[in-house]
Amino acid sequence: MADDYLVRIGKLIRDARQHRGWTQSQLADALGTSQSAVNRIERGNQNISLEMIARIGEALDSEIVSLGYAGPMHLRVVGGRRLSGAIDVKTSKNACVALLCASLLNKGRTVLRRVARIEEVYRLLEVLNSIGVRTRWINEGVDLEIVPPARLDMDAMDADAARRTRSIIMFLGPLLHRMDQFRLPYAGGCDLGTRTIEPHMIALRRFGLDITATEGIYHAKVEAGVSPGRPIVLTERGDTVTENALLAAARHDGATVIRNASSNYMVQDLCFFLEALGVRVEGIGTTTLTVHGVPNIDVDVDYSPSEDPVEAMSLVAAAVVTESELTIRRVPIEFMEIELAVLEEMGLDHDRSAEYTADNGRTRLVDLTVRPSKLEAPIDKIHPMPFPGLNIDNVPFFAAIAAAAQGQTLIHDWVYDNRAIYLTDLNRLGGRLQLLDPHRVLVEGPTRWRAAEMMCPPALRPAVVVLLAMMAAEGTSVLRNVYVINRGYEELAERLNSVGAQIEIFRDI
């Protein structure tokens, strides 16, 4: 391997390590090597095998190189271009991963229509395949067929794939009905700070599940015959917590009441899917759900998850920051109404079509046309709330939108420990964002964006926000190590190019 390649690889590794917030010693500990060896690697003074590069990439949850995979590594963005035309919203990432987990409830064949082909889905499919579930893409790769085995082989689980997704935590609800003990690796995913799984445990203990965590593994034991004797009150109104409780209740013989439940879009999609399996769910769209479980589910089911409101919001933000007229089709309006109300107060010029129904027969969709607007900072701060409030995952997009508005906007991202910190990466592109504390950012606008080369933030939504700002900046920007974007968006660069962006996918190696 040529010396210049060693230097370039070393720089990529150093940048990925620093973005994760690790010291050289911490990376060395994760690799089972010395700090001096890591230092030599980062300076390009150490021969390094492809196997070691892969290990480093796994430790840092960063795609340093990709072996046998044609996916993108970096994006080169020529900014300052106006978008035009129309773009469709893809199906919901969060709904698709919940439905993949829910397929473990069913002994029959499950077909999911228009599944998002994203890294998060691929990781879950790798896990499902490793334990014996047969999956295949059908209808020219658009739909996904899932056929479970009579018995899951949990000992064969692909632990590496499982650790790369936080969605693995939603295996707990279905699995407690299939076996009396099993193991799962710790949940991974975006770097968003410490997030406890204790709310999951509190809910699932009511079904007899007991968890012991040791050496990166959850050891689960299920006590037979345990039944919730009274309503389950969730200690947080979280989406995945609610989904896990629903998955546990779906095959519980009897009625289970879940209070303080999330009524967000992915939870509603899961409820609709459970109804297709024959499970009756009362209270969909409210914070109290009553689940009438079916102990044995063996049906052939065909279901279409709805569109992703967070992707819809990111496309609206793309139009706003590039001062473009763009039509975003198939927007799940029920889950965007608060965001649009805030944007209207800021001065957004837009039209919406009459409502029509998504392929699941339940979710309401509209087409939005966004036009260039003179925006003013909102009077009130931007902060998320559980649905029907402003979506937690949509908060980062308001950082880019606020940067395009006249005045100061306070963004309070109170849910995650450090996501707000990543928003200050916009300062590298000309933004004026002041971090007040780990949860609050003050944004000063309007912004004269400028091109830059930088590492992709390790959290999905801030990463996309940086990409959008690059699209608005005159000149050529480079966004490196974009694996995290591929976790949540399908062919985002190609789709943005179809409406006028100029984004090139490239690799160093």
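**Reading the labels on this model**

Reader: Why is Asn-391 called buried?

Author: Asn-391 has a relative accessible area of 8%, and buried means under 20%, exposed over 50% and partly exposed in between, taken with a 1.4 Å probe on protein chains only, so Asn-391 counts as buried. This is a predicted model, in which local features need pLDDT of at least 70 and side-chain atom pairs count only at pLDDT 80 or more, while totals for chains, interfaces and linings use all residues. Residues are numbered from 1 along each chain as its sequence is written, and side-chain values use heavy atoms, with hydrogens and water left out.

Reader: Where does Asn-391 sit, and which residues does it touch?

Author: Asn-391 belongs to the loop between β17 (364-371) and α14 (395-403), where helices (H or I, at least four residues) and strands (E, at least two) are DSSP runs numbered from the N terminus. Not counting residues up to four places away in sequence, Asn-391 touches Asn-264, Tyr-265, Val-310, Glu-339 and Pro-384, a contact being heavy atoms within 4.5 Å.

Reader: What makes Phe-273 and Tyr-303 an edge-to-face pair?

Author: The structure holds 3 aromatic pairs. Among them, Phe-273 and Tyr-303 lie 5.8 Å apart centre to centre, with 70° between their planes. Rings of Phe, Tyr and Trp (its six-membered ring) pair if their centres lie within 6.5 Å, with planes under 30 degrees apart counted as stacked, over 60 as edge-to-face and the rest as tilted, so this pair is edge-to-face. Phe-273 lies in helix α11 (residues 265-276) and Tyr-303 in strand β13 (residues 301-303), so the pair ties together parts that are 30 residues apart in sequence. Phe-273 is buried at 0% relative accessible area, and Tyr-303 is buried at 5%.

Reader: Why is the pair of Phe-335 and Phe-387 called tilted?

Author: The ring centres of Phe-335 and Phe-387 are 4.9 Å apart and their planes stand at 45°, so the pair is tilted. Phe-335 is in the loop between β14 (326-332) and α13 (337-346), whereas Phe-387 is in the loop between β17 and α14, 52 residues apart. Both Phe-335 and Phe-387 are buried, and together with Tyr-265 they form one aromatic cluster.

Reader: How do you know that β11 and β12 are paired strands?

Author: Two strands pair if DSSP finds at least two bridges between them; 3 bridges join β11 to β12 (residues 288-292), and the two run antiparallel, with Val-281 standing opposite Val-291 in β12. Helix α10 (residues 239-250) packs on this sheet, touching β10 (255-259) and β12, and its direction makes about 25° with that of β12; axes here are lines fitted to C-alpha atoms, for helices over the stretch in contact, and angles run from 0 to 180 degrees between N-to-C directions.

Reader: What makes β6 and β7 edge strands?

Author: An open antiparallel sheet of 3 strands has the order β6-β8-β7, and β6 (181-185) and β7 (209-214) each pair on one side only. The twist averages 25° from one strand to the next. Between β7 and β8 (residues 217-222) there are 6 bridges, and the bridge partner of Asp-210 in β8 is Lys-221.

Reader: Why is Gln-26 called partly exposed?

Author: Gln-26, in helix α2 (residues 24-31), has a relative accessible area of 36% and is therefore partly exposed.
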